[in-house]
Amino acid sequence: MTIRYMLRTALCSLLSLVGTAVCTSCAESDNSVEEYVDWQQRNADYFTQMYNTAQQAISAGSSQWKLIPTFSKQTGGNLSATDHIVVEVLHEGSGSGCPIYTDTTRVHYSCSILPTTSHPEGHMVDKSFTGSTLNLATDVPLKSALNTTVDGWTTAVMKMHIGDRWRVYVPYNLGYGVTNRTNDSKDITVPAYSTLIFDLTLAAYYHPGANVPDWK
């Protein structure tokens, strides 16, 4: 074990404790790289940019963009930008009514984060479909209780109608927060402070007590 390796390991542990950076490559190798460079600041700047884009578009009369305050805070109060999600409407559905907090929903989705060292074009970290693109005719939407999802997702879906497809930008505090999300191998899949970019299509929803059929 080299001194360089010991120092690198100690540094990674320190950064993890204080939450000021994310280090995912602490190998005993001079070629190891930091996967999420300036991650917290990059994500903060990106969400601010998307918030301002939506705000300007809404002020200009666009119906393609929405700023929706999180369901978990009272509207009309002193809310900051990061108490909102940013929505880009990709398709308007024909359904009437919206899910409520206690409903079970069926949603086609993908979730992406900002580009990383290994994924310079952007990084899709999760999705409900198996191919490279969503096929509404054959893919099975995720079934989940709406009150078990992150606040940003819940806030969006509670405003959607069946058939709506939205791109939703979620600040880290309404997503996975300041904790790294890892897989079974303890590899980081979504680092702390990540802005989440969801592509959501609401397929169905069911009130409490209703039968939730298998998707066909």
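Average pLDDT for this chain is 86, and 83% of the residues score at least 70; pLDDT is the predictor's confidence in each residue, on a scale from 0 to 100. This is a predicted model, so local features need pLDDT of at least 70 and side-chain atom pairs count only at pLDDT 80 or more, while totals for chains, interfaces and linings use all residues. Residues are numbered from 1 along each chain as its sequence is written, and side-chain values use heavy atoms, with hydrogens and water left out.

Next, the core. A nonpolar core here is a set of buried Ala, Val, Leu, Ile, Met, Phe, Trp, Tyr and Cys residues joined through side-chain atoms within 4.5 Å. Buried means under 20% relative accessible area, exposed means over 50%, and partly exposed is in between, with a 1.4 Å probe and protein chains only. The largest such core has 36 residues. Which elements give two or more residues to this core? They are helices H2 (39-59) and H3 (151-157), together with strands E1 (65-69), E2 (84-91), E3 (104-113), E6 (165-170) and E9 (196-206). Helices (H or I, at least four residues) and strands (E, at least two) are DSSP runs, numbered from the N terminus.

The residues with the most contacts inside the core are Ile-85, Trp-153, Val-157, Trp-166, Val-168, Phe-198 and Leu-200. Take Val-168 from that list.

On to charges. Side chains of opposite charge can pair when their charged atoms come close. The criterion for a salt bridge is a side-chain nitrogen of Lys or Arg within 4 Å of a carboxyl oxygen of Asp or Glu. How many salt bridges does the structure hold? There are three.

One of them joins Asp-83 to Lys-73, with the closest N and O atoms 2.8 Å apart. Both residues lie in the loop between E1 and E2, so the pair ties together parts that are 10 residues apart in sequence. Asp-83 counts as buried at 7% relative accessibility, whereas Lys-73 is partly exposed at 41%.

Another salt bridge is between Glu-88 and Arg-167, at 3.2 Å from N to O. This pair links distant parts of the chain, since Glu-88 is in strand E2 and Arg-167 in strand E6, 79 residues apart. Glu-88 is buried, with a relative accessible area of 13%, and Arg-167 is partly exposed at 27%.

Asp-199 and Arg-165 also form a salt bridge, at 2.6 Å from N to O. Here too distant parts are linked, with Asp-199 in strand E9 and Arg-165 in strand E6, 34 residues apart. Asp-199 is buried at 15% relative accessible area; Arg-165 is partly exposed at 34%.

Now the rings. Rings of Phe, Tyr and Trp (its six-membered ring) pair if their centres lie within 6.5 Å; planes under 30 degrees apart count as stacked, over 60 as edge-to-face and the rest as tilted. The structure holds seven aromatic pairs. Is the pair of Trp-65 and Tyr-169 stacked or edge-to-face? The ring centres of Trp-65 and Tyr-169 are 6.5 Å apart and the planes are at 20°, so the pair is stacked. Trp-65 lies in strand E1 and Tyr-169 in strand E6, so the pair ties together parts 104 residues apart in sequence. Both Trp-65 and Tyr-169 are buried. With Tyr-46, they form one aromatic cluster.

Trp-153 and Phe-198 make an edge-to-face pair, 5.2 Å centre to centre with 85° between the planes. Trp-153 is in helix H3 and Phe-198 in strand E9, so this pair ties together parts 45 residues apart in sequence. Trp-153 is buried at 4% relative accessibility, and Phe-198 is buried at 3%.

Two remaining items. A search of the whole structure finds zero disulfides, a disulfide being a pair of cysteine sulfur atoms within 2.5 Å. Cys-98 is partly exposed at 27% relative accessibility, while Cys-111 is buried at 3%.

Lastly, Asp-187 is found in the loop between strand E7 (181-182) and strand E8 (188-190). Asp-187 is partly exposed at 44% relative accessibility. Not counting residues up to four places away in sequence, Asp-187 touches Arg-181 and Thr-182.

Note on methods. Contact means heavy atoms within 4.5 Å.
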